[in-house]
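Biologist: I have the chain open on my screen. Can you walk me through some of the packing?

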Amino acid sequence: MLRRIRFDRLFKSSQTLYNRVTTWSHVGAAFNAPQHRRPERLQRNVGLFGVPELSSPAGFQVAQRGALWEMEFLVKRVCTEPPGVGTVEAFDQLSDSLCKVADLADFIKIAHPDAAFRRAAERTCVDVGTVVEKLNTNVELCQSLKNLLDNKDVLATLDPDTRRVAELFMFDFEISGIHLDEAKRRKAVSLNVKLLDLSHEFLHGSHLPSTVEKCALPQHIRHCFSLDGNRIQISGLHADSPDELVREAAYRIFLYPNTDLLLCLDELLACRHELAKLVGYESFAHRALKGTMAKTPETVMTFLELLTEKLCHRAAKDFSMMRSLKKKTRSLNYDLMPWDHPYLSGVIRAEKCNIEPIQYSPYFSLSACMEGLNMLFSQLLGVSFQAEELQTGEVWSDDVRKLAVVHETEGLLGYIYCDFFHRPNKPQQDCHFTIRGGWLKAGGRYQLPVVVLMLSLPPPTSRTPSLLTPCMMENLFHEMGHAMHSMLGRTRYQHVSGTRCATDFAEVPSVLMEFFASDYRVVSQFARHYETGEPLPESMVTRLCQSKRICGAADTQLQVFYAALDQVYHGKPQNRTTTDILKDMQGKFYGLPYVRNTAWQLRFSHLVGYGAKYYSYLMSRAVASMVWRQCFLKDPFNRAMGERYRREMLAHGGGKEPMLMVTEMLQKTPTIEDFVEALVLDPEADR
């Protein structure tokens, strides 16, 4: 039985507070007002995510020991049993036992407000990561899998899903250097462990603020930054500031080169290249792109260069508009600079389309948006949300909500923990985290997937609900696309569950949701003024869509520059500094000048998680655009298309070649030229 929250009293009070004329379901009501929990005295602490051991930080070591014990048992089983489907099942169970601890710890280390929990989770991440690297170079373990794949008679008995997963596990062995002699295997493990440390160091450094003496800045702009005694802390680019001097100061100071972090990045890239060469690849990019839609760095660069060729004239016009606007201001420097692009493009959009986020927010209460998602998924996929009651110790913050995802005929599919609201020291990033992958257990029982969606929305108050800007609403839809991929990718093996697929395919479901979020037929289903109940006028949605086209080429070109920089950094060594490479790539792929004594690459944290794969955002957007136009533009609620989308793209997770899934959905194999054309075409033109 699913446990439901009783929201009747909460709903009645929120109705009075907001003078509401709209009636929310329990899903909408769950996000409508501050959450009040029952007193926790006398209640048993069930542990984070219902894992009993995690009722305290020390429990991470207990959970880790349990996973390692299970790992040893499964390794012994794999190495002693004859090859067959049981071999692959044991490998997958081995992966699941470690992932259930490592993935949970990976989330808690950044999200938990308690530093003791964060430290314990960080230790577990490092320890389990080291164990995984050793397993990936375990010769006996690999030989058991090789015996299976080399036995044609046994291989013929495997179904396509089992064979695919076996090949993916073998790929993990190969890229870790299993074919090397013992000394080189030890070297590969050493390099992987070193990369864990370097990645952590670079990520940490990339988010640290820059500080300068207070006297270094003009007095009239000091109040725009954080003061710390006689020093000023700058923790971002302040890209939306209307004051040009504030934007320039933030850009120059926040991006000022940090010698230690430059050395860390150099070492990180060199270590990645050494590992790739050691295991038989030309470069880290060649190693990272195997198994993706793009497959090779050469294909990625062709994609980026062709896209630049198609966009450059439109991007130049966008930059010309920005220059003209800047000349109308009292600027002392009429040259268009990198710190001008985000602000001036926003001003142009607002002026041309008469849009201000504050005009939209009253129509986009979080309650309304969650109702909208619930209605969309119900009509398109037969899936709905049901609010769940939380138990003591289950979540890391009192403002987290929990949703059960239920299919109209299949029943409970999984759980989404919604960590949506801003709080002190919470990472300012919108993310989807897999806590537990789904897979078919012995006896036909399915392990339900569990995910977390992390956003940074304004929390509700006693007077107003959480009100979202159009950008926040779009981000909510984006992240919910990832969650649906996790829920509906009901694979036999957890190794390929949900978003555990090629990076350049994983963003397709989330980007596709952005198209739904921009379609008035969808938005009109839920966007109501939180006080009056008045529907959002269609003209406002039209203006919002038009605004996305304005300066869109320049925005896309900036993403192309980031993707190209990522590729070159992870290609063959250049024998020049990362800053020299940045300057060169910025000239070729962006259009605005490099600023002396800056090192933007030190804030490019995606280099860690998306090494050689940053292009994935662009390629996924191209695929999503093609799917939208061909399948949902005519009718965004088409149930037949929704079922086809689930069947061809969502259901397989990573259990099918990504390009094959795209081909079967589109009923044609797209080319690089098709991808470029999809990005160059105006995505809103047909609406």
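Predicted model: local features only at pLDDT ≥ 70, side-chain atom pairs only at ≥ 80, totals over all residues.

Biologist: Which way do β7 and β10 pair, and over how many bridges?

Modeller: They pair in the antiparallel sense, over five bridges. β7 covers residues 431–436 and β10 covers residues 450–457.

Biologist: Is β7 mostly covered or uncovered?

Modeller: Mostly covered: five of the six residues in β7 are buried.

Biologist: Switching topic. In the largest nonpolar core, which residues touch the most other members?

Modeller: Met370, Phe385, Ile416 and Phe420, out of 173 residues in that core.

Biologist: What does Phe385 touch, leaving out residues up to four places away in sequence?

Modeller: Among others, Val27, Met370, Leu373, Phe377, Ile416 and Met484. Asn374 is also one of the residues touched by Phe385.

Biologist: And what is in the second, separate core?

Modeller: That core has 32 residues, including Val75, Phe91, Leu158 and Phe169.

Biologist: Where does Phe91 lie?

Modeller: In helix α4, which spans residues 85–111.

Biologist: Why does Phe91 count as buried?

Modeller: Because its relative accessible area is 4%, and the cut-off for buried is under 20%.

Biologist: What is Phe91 in contact with, apart from its neighbours within four places in sequence?

Modeller: Val78, Leu141, Leu145, Phe169 and Phe173.

Biologist: How far apart are Phe91 and Ala166 in sequence and in space?

Modeller: They are 75 residues apart in sequence and 8.4 Å apart in space, C-alpha to C-alpha.

Key:
Residues numbered from 1 in each chain as written. Heavy atoms only, no water. Core = buried A, V, L, I, M, F, W, Y, C linked by side-chain atoms within 4.5 Å. Buried < 20%, exposed > 50% of the residue type's maximum accessible area, 1.4 Å probe, protein only. Contact = heavy atoms within 4.5 Å. Helix = DSSP H or I, 4+ residues; strand = E, 2+ residues; numbered from the N terminus. Pairing = 2+ DSSP bridges.
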